[in-house]
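Hi there,

Here is the structure I promised to pass on to you. Have a look at it first, and then read on for what turned up.

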Amino acid sequence: MKEITLEERKQIQLRMLIEIDAFCRKHNIRYSLAYGTLIGAIRHKGFIPWDDDVDIMMPLPDMLRFKELFKSETMCYCDVDTDKRYKYAFSRIANTQTYNKNGLISTSYGICIDLYPVLGLPLSIEGIEQFFKKGEQELNRRLRIIRLVDLVKRFLPVTYVNGFNEAMKRYRDFLFQYPYERTKYFFTNGGELEMRNVHEFDLFEECTEVLFEGHKFMSIARYDDYLRHFYGDYMQLPPEDKRVPYHGGHYYWKKEK
């Protein structure tokens, strides 16, 4: 069976993003392009040429509404509640017509768009530092379990280890504990408990449109502050040896096209 190429993956992700954008506009759900996808929109007006994924973010209240309402014939919402084998601290919107093969295991869903929640935090820097310190304990416990499961998958067709989903949910619930509406610091959760993910302004106070692959998508208005805080000079291209796909994966159609 022929593997889906990087360029084919990008076209699938673009179609997914168009549908997600239309759904969010219809239901007044706030979202923004994020991370490398937002860099791509600002710097390249589309995909970073060597990038292999799509990232969006939503305030937690909007993400929970999206999770409740979203319906699609070709996509599904994935997190620790919908899949007991799910291992990420953020959610994903997965294409259900493709699958990903990892070692001896094939997942029933494949090509994804990563969906990062924007979360509330304690009301002081000292409180945030304490929160992150406590979170490291949960994070390390979670990572140990993930590494064990990934190691076993290389050699055995094991799909689940007892206690795995409980550990993932415990870490998710820890991160989600501070109300978004009553915070003055905002946390973009990619799973890393780092101050570069903390912002002293409401990312979604104002939004705008940006051009991406010939289509208009939503972005936080202060995208320059957000990207410089996280990446520094994001308009500068990385060295050539760093211009490679980061996430990898081996994707196939469930039914040959």
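This is a predicted model: local features need pLDDT of at least 70, side-chain atom pairs count only at pLDDT 80 or more; totals for chains, interfaces and linings use all residues.

**Aromatic pairs**

Phe132 has a ring partner, Phe187, and the two make a tilted aromatic pair, with 5.4 Å from centre to centre and 50° between the planes. Phe132 belongs to helix H4 (residues 125-153) and Phe187 to strand S8 (residues 186-188), so the pair ties together parts that are 55 residues apart in sequence. Phe187 is buried as well, with a relative accessible area of 0%.

Now compare Phe212 and Phe217: their ring centres are 6.1 Å apart and their planes stand at 75°, so this pair is edge-to-face, because planes over 60 degrees apart count that way. Phe212 is buried at 1% relative accessibility, and Phe217 is buried with a relative accessible area of 1%.

In total, the count comes to 19 aromatic pairs. There is also an aromatic cluster formed by Tyr35, Tyr86, Tyr88, Phe90, Tyr116, Tyr226, Phe230 and Tyr231. One of its members, Tyr88, has the charged end of Arg92 sitting over its ring, 4.2 Å from the centre. Elsewhere, the charged end of Arg222 sits over the ring of Phe201, 3.8 Å from the ring's centre.

**The core and helix H1**

In soluble globular proteins, nonpolar side chains tend to be buried together. Here, the largest nonpolar core has 78 residues, and Leu33, Ile56 and Phe66 are those with the most contacts inside it. Helix H1 (residues 6-26) gives the most to this core, with seven residues.

Leaving out residues up to four places away in sequence, Phe66 touches Ile20, Phe23, Cys24, Ile29, Met58, Tyr77, Ile93 and Leu115. Among the buried residues of H1 are Ile20, Phe23 and Cys24, and also Arg9, Lys10 and Asp21.

H1 has 21 residues and reaches 30 Å from its first C-alpha to its last, close to the 30 Å expected at 1.5 Å a residue. Just after H1, Asn28 takes a positive phi of about 55°.

Which residues is Leu6 in contact with, leaving aside its neighbours within four places in sequence? They are Asp51, Asp52 and Pro245. Leu6 and Trp50 are 44 residues apart in sequence, yet their C-alpha atoms are 8.8 Å apart in space.

**Cysteines**

How many disulfides does the structure hold? The number is zero. For Cys76, the closest cysteine sulfur is that of Cys78, at 3.7 Å, which is too far for a bond, because a disulfide needs the two sulfur atoms within 2.5 Å. Cys207 is in no disulfide either: its nearest cysteine sulfur, in Cys24, is 11 Å away. Cys76 is partly exposed, with a relative accessible area of 25%, and Cys207 is partly exposed at 29%.

Enjoy exploring, and do write back with any questions.

Best wishes

Notes:
Residues are numbered from 1 along each chain as its sequence is written. Side-chain values use heavy atoms; hydrogens and water are left out. A nonpolar core is a set of buried Ala, Val, Leu, Ile, Met, Phe, Trp, Tyr and Cys residues joined through side-chain atoms within 4.5 Å. Buried means under 20% relative accessible area, exposed over 50%, partly exposed in between (1.4 Å probe, protein chains only). Helices (H or I, at least four residues) and strands (E, at least two) are DSSP runs, numbered from the N terminus. Contact means heavy atoms within 4.5 Å. Rings of Phe, Tyr and Trp (its six-membered ring) pair if their centres lie within 6.5 Å; planes under 30 degrees apart count as stacked, over 60 as edge-to-face and the rest as tilted. A charge sits over a ring if NZ of Lys or CZ of Arg is within 6 Å of the ring centre and within 35 degrees of the ring normal. The expected span of a helix is 1.5 Å times one less than its number of residues.
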